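This report covers salt bridges and nonpolar cores in one protein model. The sequence and structure come before the text.

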Amino acid sequence: MNNTKILFLIIAGLLACCNTKDTSQSANTSNLDFTVEIDTVQVDPGEEHFIYLSNYLNTATLSSDKKTLYNFNARVPELEVIDLDELELTEVIKLENEGPAGIGAANSYMPMMDISDSGELFLNTWSYMVKLNPARDQVSKYWFIADSLKGDPISELEKIYPEGFISKNGDFFYSSYGIQDNKTPKSGLAIVNLNTMELKKVPLDIFEKIEKYAIVFSPEENSKMSITETVFFAPFEDKILVSTTAFNEIHILNLANGKTESKSYHSELTDDFKEGNYEKKANSQENLFELNKDKMKEVTFSKFHYDDQNGKFWRFSRDMDRMIGDSITYKNVLTIFDKDLTQLHEQEVDYSESGSLTFFKDGSLYSYINLEDELGFVRIKPTYE
């Protein structure tokens with residue numbers, strides 16, 4: 001196992017923030033000092049095995065205690081089990097594609113993979129979701145369509161999208177839903193009780209709000225390619241946190257009472273929302289990506305990550321610093337919030353999350369990095385003073 005210490009200590013004085021009655025928050029009063037130690041670690045794959053990285057760990061998930069990483073390879077198919085304490089591959093579980101325990105998804109694109117605390121494996125295709133029991137010898141399938149669901153009605157034109165997540169007890173599936181007409185934005189959050197197949201719809205206007213930022217190429221009337229903003233859903237205790245790359249805000253859905261609280265924040269270092277000052281209609285696929293260069297000049301907010309050891313949320317944002325020729329130079333800003341999502345402080349930093357899978361473990365922020373086709377993580381460990 002290669003465990004290479006890389007960088008340095010960074011000492012920073014940061015401004016704290018206070019929460020006003022209208023939940024709008026801005027930099028204000030006290031100072032908070034902390035140091036950050038950064039290193040990079042590599043996972044030992046053992047002999048004669050290459051950890052599956054072609055999907056950038058988009059079909060990987062963590063155990064609740066953050067001790068185990070599960071990585072699904074649809075090409076084989078198989079499930080890689082990685083010990084995050086020892087940073088080594090401990091097991092490769094071969095999965096059946098055909099037969100009574102077959103997942104029927106080999107070589108397929110899998111928008112979601114998740115594991116419950118009891119070891120049930122959930123794999124979502126575009127058509128249905130598969131559940132494998134902990135012994136991997138029994139398969140259940142779920143169809144999220146009108147004929148299969150009770151509770152809130154879902155029309156034939158509506159779709160529950162597969163890019164969601166499973167509750168840790170394995171009883172609920174959470175994802176976005178909306179009309180699938182290639183024109184209408186998504187409608188909100190769908191909550192499906194997998195034991196009763198009862199659907200609960202939670203309308204959210206955040207999808208409609210970000211629609212104005214999309215860059216669209218429509219080669220035909222009923223087809224389009226688009227570059228859009230991202231909406232993040234993150235479970236936290238008995239709540240679902242909803243945020244987006246476009247706005248400096250968060251929406252907190254309380255699962256116990258169904259109420260949603262919204263908090264907007266103010267940054268002294270970046271814009272608080274995208275301006276949308278770029279052309280949004282492309283005339284070709286190539287032009288679509290050209291127009292995105294102007295879109296990338298505007299602020300982008302990343303996902304909220306909870307540090308349970310220190311009781312704080314971290315969120316990185318990125319904004320254009322300056323142009324050097326045709327290249328954009330960015331500044332990275334770290335904003336820290338307390339457990340109640342009150343903004344504490346922000347600072348421009350020379351580090352950020354580096355990959356598609358980022359999480360806190362034992363007080364350090366782990367972020368996936370490809371180390372010459374081997375699995376690695378950049379770790380950022382804060383010490384608060």
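Glu249 is buried, at 13% relative accessibility; buried stands for under 20% relative accessible area, exposed for over 50%, and partly exposed for the range in between (1.4 Å probe, protein chains only). The model is predicted: local features need pLDDT of at least 70 and side-chain atom pairs count only at pLDDT 80 or more, while totals for chains, interfaces and linings use all residues. Residues are numbered from 1 along each chain as its sequence is written, and side-chain values use heavy atoms, with hydrogens and water left out.

**Salt bridges**

The whole structure contains 15 salt bridges, each defined as a side-chain nitrogen of Lys or Arg within 4 Å of a carboxyl oxygen of Asp or Glu. Three of them are listed below.

| Pair | N to O distance |
|---|---|
| Lys131 and Glu120 | 3.6 Å |
| Lys209 and Glu249 | 3.2 Å |
| Glu237 and Lys339 | 3.1 Å |

Glu249 pairs with Lys209. Because Lys209 sits in helix α1 (residues 206-210) and Glu249 in strand β22 (residues 249-254), this bridge ties together parts 40 residues apart in sequence. Helices (H or I, at least four residues) and strands (E, at least two) are DSSP runs, numbered from the N terminus. Lys209 is partly exposed, at 29% relative accessibility.

Glu237 bridges to Lys339. This pair links distant parts of the chain, 102 residues apart: Glu237 is in the loop between β20 (231-236) and β21 (239-244), and Lys339 is in the loop between β27 (327-338) and β28 (343-349). Glu237 is exposed at 54% relative accessibility, and Lys339 is partly exposed at 39%.

In the bridge between Lys131 and Glu120, Lys131 belongs to strand β10 (residues 129-132) and Glu120 to the loop between β8 (112-115) and β9 (121-124), 11 residues apart. Lys131 is buried, with a relative accessible area of 16%; Glu120 is also buried, with a value of 16%.

**Nonpolar cores**

A nonpolar core is a set of buried Ala, Val, Leu, Ile, Met, Phe, Trp, Tyr and Cys residues joined through side-chain atoms within 4.5 Å. The largest one has 24 residues, and Leu189, Leu204, Val231, Phe233, Ile240 and Val242 have the most contacts inside it. Two or more residues each come from β16 (188-193), α1, β18 (215-220), β20, β21 and α2 (285-295). Helix α1 gives the largest share, three residues.

A second, separate core has 18 residues, including Val41, Ala60, Ile82 and Leu357.
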